[in-house]
Amino acid sequence: MEPSTPFSAAAQGNGGPQLDPRLRPTPDYGTLGPGSDAAGSAPGSSPAANQRQAVRVGSIVAALLGASVALVVGTIGRTRPAEPTSSKIFSDAENKPVQAGDPRQIDRLGPQEQAAALLQLAVMRKAGATEQISYRVDRWQGKLRWDSQMASLTQAALNSDDMRVRESGIEVELAAYGLAKNSSSVDYLLRTAESGNHAQKIWALWALGLMANRGVQADQVFEVLTAHLKDSDEDARRWTVEGLGLAGSDQAVGVLLQTMHDDPSALVRERAACALAESGMFTPRQRMSAVPQLLNYTDDPSLDAQTHGWAFHALNDITRQHLPNDSAAWRNWYEARGNQ
């Protein structure tokens, strides 16, 4: 029998719950300009990067259609019931659609179906959905399971351009991970982030960002994540960048800008630019604060052409201006707007 939460209650002797091997960070999310994400492949992008983008876009489409992703992680050799389709999640016995503003209909569903239904309604911008998630999420703690459908729905939520929907995605993801928003969970994640198990480590780096965004030991999490930017492992640095983007603090903006400039990995530099520009949990004000440095990066002779391009893409995404990849043009625009 599978546990109802991502953690097994069986392990008590190691100072914390046993991490389920199925757990992993939410897949790539966010975009960085028209050339490097959903709209196509950026010049010079690796096949692996292009594949990640295709998987990300396909997952979101599947989530919005209410379909289950045809991927079962860590369940080779055993079967499990198919996840309910959208028609089952969003209807009662009379096949009437569930409305986000009607708690009576939501109450007829179990916790897992409540979370899935409301999160999809939130992604669809249905009135009252995010409020219902906020009202119910604490009661879902320990009653949700992390599965392919939940992964797709939280991924879709994190891609929303509505910050309330992104926050709802974070709340549901933490509940599905079985992580209460308290210091005990953070302490467990901090220990896991030092694990020799690579999969557990990168998941913990991601989950720490989720916790920091919800205001749980945010300063301590920021310090730990910043320290992991010095890891020799590219993958660890990449997921540290994702965690910092999720944390969404003013401090993280400067750190991500520095990472975009200095990290030896093109993947890590790109993800830092993406966190600043489109993904992550930064406000418009915070993203605009990165513009002066991004302007400097567009013609910094110490940076390669690829990073110059990411700086231009980030400027485009942050400002919604459609200017050519020309440093002078961008500087003229910025000066004309009065450096606001």
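In this predicted model, helix H13 (residues 266-277) and helix H16 (residues 305-319) pack at an angle of about 15 degrees, and their axes are 9 Å apart. Angles under 35 degrees count as roughly parallel, so H13 ends up roughly parallel to H16. As for handedness, H13 passes H16 in a right-handed crossing. On the H13 side, the residues that meet H16 are Ala266, Arg269, Glu270, Ala273, Leu276 and Ala277. Their partners in H16 are Gln306, Thr307, Trp310, Ala314, Asp317 and Ile318. Sorted by class, the residues of this contact come out as 7 nonpolar, 2 polar and 3 charged.

Next come H4 and H5. Helix H4 covers residues 111-123 and helix H5 covers residues 129-140, and the two pack at an angle of about 155 degrees with their axes 9 Å apart. Angles over 145 degrees count as roughly antiparallel, and that makes H4 roughly antiparallel to H5. The crossing of these two helices, H4 and H5, is left-handed. H4 brings Pro111, Gln114, Ala115, Leu118, Leu119, Leu121 and Ala122 to the contact, while H5 brings Ala129, Thr130, Gln132, Ile133, Arg136 and Trp140. Here the class count for H4 with H5 is 9 nonpolar, 3 polar and 1 charged residues.

From H10, the contact takes in Phe222, Leu225, Thr226 and His228. From H11, it takes in Arg237, Thr240, Gly243 and Leu244. By class, that gives 3 nonpolar, 4 polar and 1 charged residues for the contact of H10 with H11.

Then there are the aromatic rings. The count comes to 5 aromatic pairs, and one of them joins Trp206 and Trp239. A pair of aromatic rings is described by the distance of the centres and the angle of the planes. For Trp206 and Trp239, the centres are 5.7 Å apart and the planes make 80 degrees, an edge-to-face arrangement. This pair links distant parts of the chain, 33 residues apart: Trp206 sits in helix H9 (residues 198-213), and Trp239 sits in helix H11.

How far can the model be trusted? The mean pLDDT of the protein is 78, with 70% of its residues at 70 or more. Over residues 1-18, pLDDT stays under 50, and the model has 42 contacts beyond four places in sequence for them. Over residues 33-96, pLDDT also stays under 50, and there the model has 91 such contacts, again beyond four places in sequence. Where pLDDT is low, the predicted coordinates should not be read in detail.

Notes. Residues numbered from 1 in each chain as written. Predicted model: local features only at pLDDT ≥ 70, side-chain atom pairs only at ≥ 80, totals over all residues. Heavy atoms only, no water. pLDDT = per-residue confidence, 0-100. Contact = heavy atoms within 4.5 Å. Helix = DSSP H or I, 4+ residues; strand = E, 2+ residues; numbered from the N terminus. Nonpolar A, V, L, I, M, F, W, Y, C, P; charged D, E, K, R; others polar. Phe/Tyr/Trp six-rings, centres within 6.5 Å; stacked < 30°, edge-to-face > 60°. Axes fitted to C-alpha atoms, helices over the stretch in contact; angles between N-to-C directions. Parallel < 35°, antiparallel > 145°, perpendicular 65-115°, else oblique. Left-handed = near helix turned anticlockwise from the far one by under 90°.
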